[in-house]
Amino acid sequence: MTGPGRYHLRLFADGRPVQHGWWGSEETARDKFRRWIGEYGGMPGARVTLTDEETGDVLATWPDQR
(Lines give C-alpha, C1' and ligand atoms only; values in the text may rest on other atoms or scores of the structure.)
Protein backbone atom coordinates (compact mmCIF):
# COMPACT_ATOMS: atom_id res chain seq x y z
CA MET A 1 0.00 0.00 0.00
CA THR A 2 1.41 3.37 -0.98
CA GLY A 3 -1.23 5.76 0.46
CA PRO A 4 -2.26 6.36 4.04
CA GLY A 5 -5.00 3.69 3.88
CA ARG A 6 -8.60 3.44 2.82
CA TYR A 7 -10.28 3.63 6.23
CA HIS A 8 -10.05 6.93 8.09
CA LEU A 9 -10.84 7.13 11.79
CA ARG A 10 -11.34 10.53 13.41
CA LEU A 11 -11.86 11.66 16.98
CA PHE A 12 -13.48 15.01 17.75
CA ALA A 13 -14.06 16.72 21.11
CA ASP A 14 -16.61 19.51 21.20
CA GLY A 15 -16.53 19.63 17.39
CA ARG A 16 -12.76 20.06 17.15
CA PRO A 17 -10.46 17.42 15.65
CA VAL A 18 -8.27 15.75 18.26
CA GLN A 19 -6.80 12.66 16.62
CA HIS A 20 -7.01 10.63 13.42
CA GLY A 21 -5.59 7.50 11.86
CA TRP A 22 -5.66 5.56 8.60
CA TRP A 23 -5.83 1.80 8.05
CA GLY A 24 -5.85 -0.38 4.97
CA SER A 25 -7.98 -3.08 6.59
CA GLU A 26 -11.63 -2.45 7.48
CA GLU A 27 -11.42 -5.08 10.22
CA THR A 28 -8.47 -3.31 11.85
CA ALA A 29 -10.15 0.10 11.49
CA ARG A 30 -13.36 -1.18 13.14
CA ASP A 31 -11.32 -2.65 16.00
CA LYS A 32 -9.60 0.71 16.49
CA PHE A 33 -13.02 2.43 16.34
CA ARG A 34 -14.22 0.31 19.29
CA ARG A 35 -10.99 0.90 21.20
CA TRP A 36 -11.14 4.66 20.72
CA ILE A 37 -14.68 4.72 22.10
CA GLY A 38 -13.43 2.93 25.21
CA GLU A 39 -10.36 5.14 25.56
CA TYR A 40 -11.79 8.53 24.62
CA GLY A 41 -15.56 8.19 24.96
CA GLY A 42 -15.50 9.98 28.32
CA MET A 43 -14.08 13.19 26.84
CA PRO A 44 -16.56 16.09 26.82
CA GLY A 45 -18.31 16.20 23.46
CA ALA A 46 -16.45 13.14 22.15
CA ARG A 47 -17.39 11.88 18.69
CA VAL A 48 -15.69 9.11 16.69
CA THR A 49 -16.24 8.55 12.96
CA LEU A 50 -15.03 5.83 10.61
CA THR A 51 -15.09 6.66 6.89
CA ASP A 52 -14.31 4.61 3.80
CA GLU A 53 -12.35 7.22 1.86
CA GLU A 54 -12.59 5.23 -1.37
CA THR A 55 -16.41 5.32 -1.46
CA GLY A 56 -16.99 8.35 0.77
CA ASP A 57 -19.33 6.31 3.00
CA VAL A 58 -19.41 6.92 6.74
CA LEU A 59 -19.25 3.37 8.10
CA ALA A 60 -19.75 4.11 11.79
CA THR A 61 -20.24 7.02 14.17
CA TRP A 62 -20.28 7.21 17.92
CA PRO A 63 -22.42 8.27 19.53
CA ASP A 64 -25.07 7.27 17.01
CA GLN A 65 -26.90 10.10 15.32
CA ARG A 66 -30.58 9.16 15.69
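Partly exposed residues are those whose relative accessible area lies between the limits for buried, under 20%, and exposed, over 50%. The legends below describe close-up views of a predicted model.

View A. Trp22 belongs to strand 2, which spans residues 16-23. Its relative accessible area is 30%, so Trp22 is classed as partly exposed. Beyond its neighbours within four places in sequence, Trp22 is in contact with Pro4, Gly5, Tyr7, His8 and Glu53. A polar contact of 3.5 Å joins the side chains of Trp22 and His20. Pro63 lies 41 residues from Trp22 in sequence, and their C-alpha atoms are 20 Å apart in space.

**View B. The largest nonpolar core.** Ten residues form this core: Tyr7, Leu9, Leu11, Trp23, Ala29, Phe33, Trp36, Val48, Leu50 and Ala60. Strand 1 (7-13), helix 1 (26-40) and strand 3 (46-52) are the elements that each contribute two or more residues to the core. In soluble globular proteins, nonpolar side chains tend to be buried together.

**View C. Contacts of Leu50.** Leu50 is one of the residues of the largest nonpolar core. When residues up to four places away in sequence are not counted, Leu50 touches Tyr7, His8, Leu9, Ala29, Arg30, Phe33, Asp57, Val58, Leu59 and Ala60. Among these partners, Tyr7, Leu9, Ala29, Phe33 and Ala60 are also members of the core.

**View D. Thr61 in strand 4.** Thr61 is found in strand 4, residues 57-62. With a relative accessible area of 19%, Thr61 falls under the 20% limit and is therefore buried.

Methods. Residues numbered from 1 in each chain as written. Predicted model: local features only at pLDDT ≥ 70, side-chain atom pairs only at ≥ 80, totals over all residues. Heavy atoms only, no water. Core = buried A, V, L, I, M, F, W, Y, C linked by side-chain atoms within 4.5 Å. Buried < 20%, exposed > 50% of the residue type's maximum accessible area, 1.4 Å probe, protein only. Helix = DSSP H or I, 4+ residues; strand = E, 2+ residues; numbered from the N terminus. Contact = heavy atoms within 4.5 Å. Polar contact = N/O pair within 3.5 Å; in protein donor to acceptor, adjacent residues only side chain to side chain.
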